[in-house]
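Hi,

Here's the structure I promised to pass on. Have a look at it first, and then read my notes below.

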Amino acid sequence: MIGDLFFLSIKNLTHRKLRSYLTIIGILIGIAAVVALISLSEGMQKAIEQQFQEAGSNIIMVMSTSGGMSSPMVSLFSTKPLTEKDLRAVENLRGVDKAGGVLMMPAMISVGKEKKNIFLTGMDPGPIEEMVMNAQSYEIIEGRMLEEGDRYKALLGYSAAKDLFDRELHPGDKINIMGKTFRVVGIISKVGNRMDDESVTIPLDVMRDLIGEKEKLGMIILSVKDGYDVEEVAEEVREKLRKERNEEEGEETFVVSTPRDLLKIFQEILMIVQVVLIGVAAISLIVGGVGIMNTMYMAVMERTREIGIMKAIGAENSHILLIFLFESGILGMIGGICGVLIGLGISKGIEIAASIATGSPLIKAYISPELIIGSIIFSFIVGMISGVMPARQAARLKPVDALRYE
């Protein structure tokens with residue numbers, strides 16, 4: 001019986017093709033938006049997780065805080081910055097393999113008569129530079145890394161070398177940083193964010209000479225020895241720095257971050273963004289649901305005599321109710337199937353376009369069976385819910401009144 005009612009519902013919908021198509025579009029748009037947004041956000045989350053795994057999970061970063069903010073550049077302007085003394089205090093802790101400092105600040109770079117603002121980074125060539133390169137998944141595409149003994153040498157981010165100036169820069173070219181001439185020794189691969197791609201890295205001691213600062217550090221980076229728990233070592237670093245800087249727990253002017261902490265922050269941010277975007281996309285689903293409801297009300301009005309005939313020959317209220325619920329559910333399900341296909345196409349298109357435009361590996365579309373099946377089931381449920389009130393109205397019609405309807 002239910003199968004017969006289901007096929008009868010399909011037959012009724014095919015008799016009103018144009019109206020059915022227009023109704024389906026309302027659901028289609030909402031589902032397509034939701035699928036595209038969820039696919040991209042989940043893909044980005046998995047790409048970030050993969051980046052952390054590839055970079056290694058044994059890195060600890062220490063940054064100064066000021067006004068609730070923390071970044072490698074905050075320390076230069078903080079009332080209580082990180083210093084070489086802090087670095088010496090933690091570099092020999094149990095479980096610490098390597099430790100080094102990094103300075104970072106905005107600076108002016110010039111090539112010929114052209115002048116541009118960039119992010120200038122100073123770090124010790126050698127193990128610390130290699131550790132940072134691995135943590136950020138950097139690759140040298142031209143030339144070499146900075147080496148111990150280098151003085152006025154510079155390592156350029158991709159955009160700083162290829163896009164920032166009228167001509168491309170290559171190893172051997174000369175640039176001017178804060179009045180000093182530097183020779184380019186290497187170019188870093190494209191990362192996908194402006195700060196990294198427009199960065200210029202020079203030896204830490206040279207940067208100290210440029211800015212006249214011998215003690216301050218923007219960030220301390222530590223690697224943890226194999227066999228030691230990163231979180232336990234991080235807690236030892238916190239305790240040592242509290243003691244060194246004479247600070248109480250909860251009143252620290254520094255923050256110690258591990259890959260797990262950073263990943264958690266990224267996941268929380270992505271979750272908030274995902275909820276907001278899906279909430280916006282859900283508005284179109286509500287509009288689509290109203291469209292289905294309107295279509296079903298019109299169907300009830302047009303088929304009043306048909307309903308009366310069906311009841312006169314023995315159809316029960318539940319049969320009439322199921323017919324209209326199936327019709328509204330089918331409209332929602334078809335809209336969901338089309339929306340899923342379009343949404344997946346949109347997300348893959350954005351992935352390809354972003355890859356070409358930015359080269360970033362973070363914008364990925366993740367297509368899961370749960371997303372596809374869940375979206376189709378959800379659209380079917382939205383359709384049936386939208387059809388509840390029209391279906392109840394149809395089921396409550398009295399045969400005598402329905403047969404008199406003109």
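Glu248 sits in the loop that runs between helix H8 (230-245) and strand S13 (254-257). This is a predicted model, by the way. With 56% relative accessibility, Glu248 counts as exposed, and together with Glu239, Glu249 and Glu251 it makes a negative surface patch.

Glu247, in that loop between H8 and S13, pairs up with a far-off part of the chain. Its salt bridge is with Lys80, and the closest N and O atoms are 3.2 Å apart. Lys80 is in the loop between strand S2 (69-70) and strand S3 (82-83), 167 residues away from Glu247. Glu247 is buried at 10% relative accessibility, whereas Lys80 is partly exposed at 31%.

There's a network here too: salt bridges with shared partners join Lys80, Asp86, Arg245 and Glu247. Asp86 belongs to helix H3 (residues 84-90) and is buried, at 3% relative accessibility. Beyond its close sequence neighbours (within four places), Asp86 touches Pro81, Ile220, Leu241, Glu244 and Arg245.

Another salt bridge brings Arg94 and Glu236 together (2.6 Å, N to O). Arg94 is in the loop between H3 and strand S4 (96-111) and Glu236 is in helix H8, so this pair ties together parts 142 residues apart in sequence. In total, the whole structure has 20 salt bridges.

Last, the nonpolar side of things: Ile272, Val276, Val280, Ile283 and Val287 form a surface patch of about 490 Å². Val276 is in helix H9 (residues 259-302) and is partly exposed, at 48% relative accessibility.

Cheers

Key
Residues numbered from 1 in each chain as written. Predicted model: local features only at pLDDT ≥ 70, side-chain atom pairs only at ≥ 80, totals over all residues. Heavy atoms only, no water. Patch = residues over 30% accessible without salt bridge, like charges linked within 9 Å, V, L, I, M, F, W, Y side chains within 5 Å. Areas by Shrake-Rupley, 256 points an atom, 1.4 Å probe, with all protein chains shown as cover. Salt bridge = Lys/Arg side-chain N within 4 Å of Asp/Glu carboxyl O. Helix = DSSP H or I, 4+ residues; strand = E, 2+ residues; numbered from the N terminus. Buried < 20%, exposed > 50% of the residue type's maximum accessible area, 1.4 Å probe, protein only. Lys, Arg positive; Asp, Glu negative; His and termini not counted. Charge placed at Lys NZ, Arg CZ, Asp CG, Glu CD. Contact = heavy atoms within 4.5 Å.
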